[in-house]
Amino acid sequence: MSTSISRRSFLMRTGAVGCSLAASPLVTPVSFAAMPGANRLVVIILRGGMDGLDVVQPYGDPVLGQSRPTLKVGPSSGASDLDGYFALHPSFNPLMPLWTAGDLGFVHAVSTPYRDKRSHFDGQDLLEAGTTTLGEGARDGWLNRLLQVYPKFDAHTAFAIGRGDLKLLDGSAPVANWFPQTQLGLSSQAERLLELITESDPEIHAALAEAQGLVEDKDQQSATLQDIRKAAAQQKGGAHISIAEFAAKQLSKQARIAAFSLNGWDTHRGQARELPRALARLSDTILTLKSQTRDSVWQKTTIVALTEFGRTVRENGTTGTDHGTGGLMIMAGGAVRGGRVHGDWPGLAESDLYDGRDLLPTRDIRANLAWLMRGLFGLDQSVLEGTVFPGLEMGRDPGLIL
Amino acid sequence: MSVYHPELAEVRFGYGLSPNIKPPEDATALLAGLQTVDDMAIRFPIEPFDDFRERMVAAQLQNKIRRQNRGTDKAKAARKQRNIVNREARVAAMGWMVQSLMRATHSEHAFRERLCAFWGDHFTARGKRGVIRRATGPYLEEAIRPNLTGRFSDMLLDAVMHPLMIHYLDQERSMGPGSERALKRGKDAGLNENLAREVLELHTLGVNGPYTQDDVRQLAELFTGMTIQVNVGFKFRKDWVEPGPETVLDKSYGPRPGLEPIRAALQDLAAHPATARHVAWKLAVHFVSDDPDNALIDHVANRFIETDGDLMQVYAALLEHPSAWGPELRNAKPPDAFIASSFRALAVHEDLFVDLREQDLRVGLLVPLAMMGQPWQAPTSPAGWDEEDESWLTPQGLAWRVQWSMAVPTRLMKRLPDPRNFVESALGSFATEEVRFAAKSAESRNEAIGLVLMAPAFQRR
């Protein structure tokens, strides 16, 4: 038996992602002709319920300022005026050039069909399942169902980035999952030996070879608890930059879909302190995606950020806001029709509110997503209404895509 | 010829080989082990749900004080107290994770632990908010473990009517639209079909089973009244019950309100041939291969039907069939079983965990499990964990298995075993020349041990 397999030959034979595909039973080899179109979709789940009214502030309605004594509202408090009625939270100032260029837009007063119970757990489940109710027993997420019906996808078309608990991409269509801090944690000697002992098992061998190709900084040291601790710390905060960098890299190659989540939106207390942190992370994420892709890729990219519900119009007793209903969808990228706030604005007068407390949702967020996917991937309306979002009526085209 | 082999039995139906435990000699011994005293539950106790409920009562009390005293110092103090209750439950739950790993590590009847995991997954239930999020271990201890060797119908009833399941699948909110209470209250009343649907689709007949949306609806109406109340657990509220008999699979259940018709419907579902086939298929997929032999499924399903779901007989049918003993190891171990079998192979002693802090357990177990794709007791859907190998043998999942293998055993144990011996004790007759070579050629002991744990013969069962 020989251990003289050089590191180079290991990589040559199996290391590069493309080469390992043939060995994986999951994947049928793809030719260029079968490559999906050039459009890219990034879905970011904002967990905790983002306060859309504080992000894109309807300052033109005096009710907002009156309902929120400690939260600052409108251009006089540093927000950027968007159209004379809405203003963008100051923490999104770095994104204003995108707004001006038409690469940043919003859809206001949208929500899933979820109503009344206002639970994060159920709200996120429904947002990711894409169904009308939770009792329908959908096991998979709507983004995975999109992959299931789109024949040109393969196992490297879609990436779930992060820990892998994204229900959105759960389902029978193969999806790559990667947490950018993942290391293989092997000395070069151990790496060769691992290659040797797994050769007899094509599935394990191919997956490890693929991991080789995905690992960012190989330090050629066997893993220690410190490495795991570092990754764990990254997972808690600060991972968004490396996630965005990784997404940009993959989208520049074969990947067409990437999804991940950002936490920290549940601003029950001290919203003026908490929300800017979450917004800065999202802003950094979007700007990283832009700076790390070529212009030709950026022009074909659509980023959507979704949250399980909006928050109450009125500030609560702890300088925050509570779980609400109507919310905000954020869109960025060269492919979106930006520079405007889309949606039917319901108003903030007492009688216009949902349940007397929340922004009234005027459109199902799924209808916006369906139209978006129709624009990006050319899917039939019947497939979108029947399979991806079962039971949805898409209605008129909101024109979110250029 | 596929025949019983002690080491194969320990790998396929247990948590792999241990240097200290002799594998069961034959299928009779393997089965008989299930009916011995549950020594692991005594040596590594996990709080039963009924005791756990006290934590829920304590949290609820503080929440009530908070609500009644909003904006005052009293509310602040209550919030603090509630957080203490939550933290204590979180720490306790980490201890129960270690206990269940230790049961798998030290059991002489590891098949019992595998069955507990299998049925716990079949009847997946989780808490959704607050302290009840830590209740999975206690639920398994109360609803699943005592029923491993009884009738399927007994386990079905205990699981479906368990407070944690009623909470998890929204039964606690489901009110008959025509119930006394709904007529009084109006707006908020509504039927929730979640539990009824999952009982039919996941727990009994299976997704391709012979039921319709109408059966789901009627079963949901039949289930109305089953709720929970923190200070008593299961609570049947007569005034939530939808009046009138309900027809499920062409059989009428009544009179209402009462628990008897609910029990009767569950018993009928448990005895249905589609349930027998669904359970037989699931056992075969879980224990044998992702694509099991039809003859094996038929054999187990028939025994299920003949014996009215006597689980000991069902397991006996599984173990006596030649298809169960194919010598090739096929199923990939899911991450929790990989870690449990690593501990078993290394004979990790429980004392090693005594001085560990919460943070150590997080870094050594919780984070790696999540990164491998299986956050502890937290599957994202009531369908539980995937059985398909592809779900586990992913680049990310395997990279984290490598990291864990290299980093954790060496830190946990004072002294790792000699790798040359470890190959033989961990893999037995499944050891290959390549793995032996790797074990003696690795530069360090922790890499050598890690490599053995990463051997395909250790990753599969």
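The legends below accompany close-up views of a predicted model.

**View 1. Chain A as a whole, with its helices, strands and buried residues.**
In this predicted model, the secondary structure of chain A comprises 15 helices and twelve strands. Chain A has 402 residues, of which 51% count as buried. When contacts in chain A between residues at least 6 apart in sequence are considered, 75% of them join residues that are at least 24 apart.

**View 2. Strand β6 of chain A and the two strands that pair with it.**
Strand β6 of chain A covers residues 158–161, and it is joined by three bridges to strand β8 (residues 257–262) of chain A, the two running parallel. Within this pairing, A:F159 stands opposite A:A258 in β8(A). Three bridges also join β6(A) to strand β7 (residues 176–178) of chain A, and these two strands likewise run parallel. Here A:A160 is the residue that stands opposite A:N177 in β7(A).

**View 3. The side chains of strand β6 of chain A.**
In a regular strand the side chains alternate between the two faces of the sheet. In β6(A), A:A158 and A:A160 point one way, whereas A:F159 and A:I161 point the other way. Are these residues buried or exposed? All of them, on either side of the strand, are buried.

**View 4. Helices α14 and α15 of chain B where they cross.**
Two packed helices are described by the angle between their axes and the distance between the axes. For helix α14 (residues 273–287) of chain B and helix α15 (residues 294–306) of chain B, the axes come within 8 Å and cross at roughly 135°. Because an angle over 145 degrees would be needed to count as roughly antiparallel, α14(B) and α15(B) are described as oblique to each other. The crossing in which α14(B) passes α15(B) is right-handed.

**View 5. The residues that meet between helices α14 and α15 of chain B.**
From α14(B), the residues in this contact include B:P273, B:V279, B:W281 and B:L283, and those they meet in α15(B) include B:L296, B:V300, B:F304 and B:I305. The residues of the contact of α14(B) with α15(B) divide into 13 nonpolar, no polar and one charged.

**View 6. The side of chain B that touches chain A.**
The contact between the chains takes 53 residues from chain B and 48 residues from chain A. Among the elements of chain B that give two or more residues to this side are α11 (194–203), α18 (358–371) and α19 (395–412). The element that gives the most is α19(B), with eleven residues. On the side of chain B that touches chain A, the residues divide into 24 nonpolar, 14 polar and 15 charged.

Terms used: Residues are numbered from 1 along each chain as its sequence is written. Chains are lettered from A and ligands numbered from 1 in the order in which they are written. This is a predicted model: local features need pLDDT of at least 70, side-chain atom pairs count only at pLDDT 80 or more; totals for chains, interfaces and linings use all residues. Two residues are in contact if their C-beta atoms, placed from the backbone, lie within 7 Å. Helices (H or I, at least four residues) and strands (E, at least two) are DSSP runs, numbered from the N terminus. Ala, Val, Leu, Ile, Met, Phe, Trp, Tyr, Cys and Pro count as nonpolar, Asp, Glu, Lys and Arg as charged, and the others, Gly among them, as polar. A residue is buried if 20 or more other C-beta atoms lie within 10 Å of its own, exposed if 12 or fewer, and partly exposed in between; C-beta atoms are placed from the backbone. Axes are lines fitted to C-alpha atoms, for helices over the stretch in contact, and angles run from 0 to 180 degrees between N-to-C directions. Angles under 35 degrees count as roughly parallel, over 145 as roughly antiparallel, 65 to 115 as roughly perpendicular and the rest as oblique. A crossing is left-handed if the near helix is turned anticlockwise from the far one by less than a right angle, and right-handed if clockwise. Two strands pair if DSSP finds at least two bridges between them.
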